[in-house]
Amino acid sequence: MKTIKFPERREYDNLLRRPVAETASLETLVAGILSDVKLQGDAALKLYGLQFDKVQISRFEVEETEFEKAEGLVPEKLKNAIRFAAENIRRFHAAQKESGQTVETVPGVTCWRKSVPVSSVGLYIPGGSAPLFSTILMLGIPAMLAGCGEVVMCTPPMPDGTVNPAMLFAARLVGIRKVFRVGGVQAIGAMAYGTESIPRVHKIFGPGNGYVTCAKQLISKEGIAIDLPAGPSELAVLADKSCVPAFVAADLLSQAEHGPDSQVILVTDSEKVIEDVMKQLGEQLELLPRKELAAQALRNSKAILVKGMEEGMYLLNSYAPEHLIIACRNDQVLAAQVVNAGSVFLGNYACESAGDYASGTNHTLPTNGAAKAYSGVSLDSFVKKITFQSITKEGIQNLGRAIELMAEAEGLEGHRNAVSVRLAD
């Protein structure tokens, strides 16, 4: 990690820039794969499955016998951990349900809003370098709570052509019945356009590498809904002298190990904190099985010394991190100043891993500064909000003259007339 001391605000844009991938050739490649899937369906899925996953797939959908077999392959301790996490996630997301509220804006005019589930959703679950069965819980549980009629899941197969047993256990636990062994860009294309085996869906969810993220962005240009911009993972830590340097280092490494395009940021008003965290980073990095990936991510990462916590919060709101840990004595006070972040963790014991797995909050979050405008996935992500209004004769009389005047001022005579004919009735 590079250390930067007391940067000026005019330097923040350059200082906080994320690792940038070359996009022109990436978009060309991804667009070509999407086009092939759109035109050739399952044939393209087989071709790209062999090319990228090195697996020849004859049947994409996971069969019932595979779910049953997976149940016996997952250790009981892991199954209980998954059940525990699922219950916490379900409890937190169930509390997000809204009861419809009816409002009478003027006598005779009643308005209300109704939540209607997205009828068909697709969940993309990464399974390459790490089988993210936790993401199945994060996406599948709110989809089921929302009442989505059809939930389709795609995930890359393992080298033997099967799907990781823990992923199948998690899918069945949350109620997902349709699981397909397809990964990467071709999976996004299959759910976006539909193939002979995989149904087309109305909205696609899930994180992924740069290729998957690019594919989601391209299909969104065609009017196919996606959850949010979710690219390489990132974490920022705001720490003062009350932090535990070993904890901070562990948190930074927990995100750095995602891959070389991840980024972690340490912001503090103490040079001693930077020194102690750097020492811990060096020691803990050597113990990680994915230390090469984490080391590459650390080269994109920074430790920033600021003059005070107020400046630190300004810097972090400018950065808008996916994850933000506040390891400070007055964490609650500082938390009130957060306006741009995907998910916030308060105190020395609030590790980001808790949110990734079992605390209950969702780990599918906006990255690359998108937290300035986007929220993470929630129950709301799986529903549409439809407004209704009931207007009586008294109601149109109360609204009518104002509507006529406004429509006339905008030059929309048809709009005015739709009210006038009712008032004259």
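Select helix α17, residues 413-423, and show the side chains of Arg 416 and Glu 413, which sit three residues apart, about one helical turn. The model on screen is a predicted one. These two side chains meet in a salt bridge, with N and O 2.3 Å apart. Colour the pair by accessibility. Arg 416 is buried, at a relative accessible area of 17%, while Glu 413 is partly exposed, at 46%.

Next, select Glu 71, Glu 76, Lys 79 and Arg 83. Salt bridges with shared partners link these residues into one network.

Stay in this part of the sequence and select helix α5, residues 76-94, which holds both Glu 87 and Arg 90. The two are three residues apart, about one turn of the helix. They form a salt bridge whose closest N and O atoms lie 3.5 Å from each other. Are these residues buried, exposed or partly exposed? Glu 87 is partly exposed, with 36% relative accessibility. Arg 90 is also partly exposed, with a relative accessible area of 28%.

Now move to helix α11, residues 271-285, and pick out Glu 283 and Lys 279. They are four residues apart in this helix, so about one helical turn separates them. A salt bridge joins the pair, with closest N and O atoms 2.8 Å apart. Lys 279 is exposed, at 53% relative accessible area, whereas Glu 283 is partly exposed, at 40%. A search of the whole structure gives 22 salt bridges, and the pairs visited here are among them.

Trp 112 belongs to strand β3, residues 109-117. Its relative accessible area is 34%, so Trp 112 counts as partly exposed.

Two backbone positions come next. Which value does phi take at Phe 6? Phi there is near 50 degrees, a positive value in a residue that is not glycine. To find Phe 6, look in the loop between β1 (2-5) and α1 (12-15). Phe 6 is partly exposed, with 41% relative accessible area.

Then select Asn 368, another position that is not a glycine and has a positive phi, about 55 degrees. Asn 368 lies in the loop between α15 (352-357) and β14 (383-391). With a relative accessible area of 55%, Asn 368 is exposed.

Finally, zoom out to the whole protein chain. How many helices and strands are there? The chain has 17 helices and 14 strands. Its C-alpha trace spans about 80 × 60 × 45 Å along the principal axes. Of its 425 residues, 49% are buried.

Technical notes: Residues numbered from 1 in each chain as written. Predicted model: local features only at pLDDT ≥ 70, side-chain atom pairs only at ≥ 80, totals over all residues. Heavy atoms only, no water. Buried < 20%, exposed > 50% of the residue type's maximum accessible area, 1.4 Å probe, protein only. Salt bridge = Lys/Arg side-chain N within 4 Å of Asp/Glu carboxyl O.
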